[in-house]
Amino acid sequence: MIAWSTAAPAISAAFLASLVEVVEAFTIVLAVATLRGWRPAALGTAAGLTVLAGIVLLLGPLLGRVPISSLQLAIGILLLLFGMGWLRKASLRAAGVIPLHDEEAIFAAEAAELSERAHRRQRNLGWAAGITALKAVLLEGLEVVFIVIAVGAGRGLLVPAGLGALAACAVVLVAGAIVHRPLSRVPENTLKFGVGVMLSAFGVFWTGEGLGIPWPGEDLALLLFAALFLGGGLLAAALARKLAVVFA
Amino acid sequence: MMTMVKELATELIGMFFAEKRLAIAVLAIVAVAGSLVDFAGLNPLVGGAVLLFGCLILLIESVCRAARVGAS
């Protein structure tokens with residue numbers, strides 16, 4: 001039986017991170033569907049999901065063969081690199097140093113690129129549209145797969161973390177089917193900030209475990225790490241806002 | 001096909017090394033923490049503290065540096 005105190009951070013991190021990634025993939029698939037119809041969009045999406053499933057089936061069993069401390073160390077370091085990168089960017093966006101991620105703008109840019117291709121050559125445009133959808137699903141999907149493995153593998157929580165990611169897919173698909181336009185009202189930077197905090201906290205935790213550091217309070221130490229990264233991110237954003245004014 | 005594989009590889013590397021300076025500094029902190037735990041004979045929690053607070057300091061420094069460069 002899995003304890004909720006252990007599973008909840010993994011499930012919520014997988015859910016929130018996947019929500020961000022699936023919204024990004026959905027925007028591009030929707031642009032393809034709007035311009036070239038649902039057939040290439042659906043085929044590209046299905047092909048992307050098939051490649052992803054193949055990667056998971058191929059690499060999944062290998063995880064069980066890696067010694068747990070090596071797995072924790074490798075995943076912890078990757079999580080630190082990934083999570084701190086997200087937190088850094090989210091802090092800079094919160095400070096107004098770099099612009100916010102704009103789903104409407106991405107939708108418009110993707111639509112413009114497909115329209116330009118349509119002007120250049122009519123043939124194989126369905127193919128190009130399908131490839132665009134495939135790439136979006138594959139790229140964002142790889143990030144989802146990494147996050148699920150990263151937050152789930154160290155404690156045997158792959159299934160709960162995977163369910164969190166699937167729930168995020170379901171939420172985005174249902175919301176997308178209802179509004180039928182880019183999900184621009186999702187507070188993406190707030191989500192990215194939160195996910196960056198959680199992934200960085202997991203990163204320190206797993207890296208430490210992999211190095212043989214016995215964290216006081218065991219899994220509860222994750223909460224302290226998350227609180228410290230939240231404080232650090234907010235402090236960084238506040239300092240960046242001031243610096244941007246001083247150096248402007 | 002090759003173009004797409006190259007794009008995928010670039011994206012994958014970018015997931016972890018988008019900000020090279022921060023990534024290298026994080027790897028250095030992990031190496032220092034690991035050395036303290038394995039070779040220095042100190043309490044492992046000292047290595048843990050170096051890892052945790054080192055990462056926090058790196059994060060704040062990286063954001064502030066980007067703000068200075070971005071604003072000037």
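Predicted model: local features only at pLDDT ≥ 70, side-chain atom pairs only at ≥ 80, totals over all residues.
The C-alpha atom of L49(A) is separated by 6.9 Å from that of V137(A), although the two residues stand 88 residues apart along the chain.

Of the 248 residues of chain A, 50% count as buried. When contacts in chain A between residues at least 6 apart in sequence are considered, 86% of them join residues at least 24 apart.

Helix 3 of chain A, residues 68-94, packs with helix 7 of chain A at an angle of about 150°, and the axes of the two helices are 6 Å apart. Helix 3 of chain A is therefore roughly antiparallel to helix 7 of chain A, since angles over 145 degrees are placed in that class. The crossing of helix 3 and helix 7 of chain A is left-handed, and the contact between helix 3 and helix 7 of chain A comprises 19 nonpolar, eleven polar and three charged residues.

Within helix 7 of chain A, which spans residues 188-211, is found M198(A). M198(A) counts as buried because it has 28 C-beta neighbours inside 10 Å, where 20 or more are required. Apart from its neighbours within four places in sequence, M198(A) is in contact with P9(A), A13(A) and A226(A). Between M198(A) and R88(A), which are 110 residues apart in sequence, the distance from C-alpha to C-alpha is 13 Å.

The loop between helix 7 and helix 8 of chain A, the latter covering residues 221-246, includes E218(A). Most residues other than glycine have a negative phi. E218(A), although it is not a glycine, has a positive phi of about 50°. With 12 C-beta neighbours inside 10 Å, E218(A) counts as exposed.

Chain B contains three helices and zero strands, and the elements of chain B run α-α-α from the N terminus on. The radius of gyration of chain B is 17 Å, whereas a compact globule of 72 residues would have a value near 11 Å. The C-alpha trace of chain B spans about 50 × 35 × 10 Å along its principal axes. Buried residues account for 32% of the 72 residues in chain B.

As for the interface between the two chains, 35 residues of chain B are in contact with 41 residues of chain A. On the side of chain B that touches chain A, at least two residues are supplied by each of helix 1 (2-17), helix 2 (20-38) and helix 3 (44-71) of chain B. The largest share of this side, 18 residues, comes from helix 3 of chain B. Sorted by class, the side of chain B that touches chain A is made up of 26 nonpolar, six polar and three charged residues.

Definitions and conventions:
Residues numbered from 1 in each chain as written. Chains lettered and ligands numbered in written order. Contact = placed C-beta atoms within 7 Å. Helix = DSSP H or I, 4+ residues; strand = E, 2+ residues; numbered from the N terminus. Nonpolar A, V, L, I, M, F, W, Y, C, P; charged D, E, K, R; others polar. Rg over C-alpha atoms; globule rule 2.2 N^0.38 Å. Axes fitted to C-alpha atoms, helices over the stretch in contact; angles between N-to-C directions. Parallel < 35°, antiparallel > 145°, perpendicular 65-115°, else oblique. Left-handed = near helix turned anticlockwise from the far one by under 90°.
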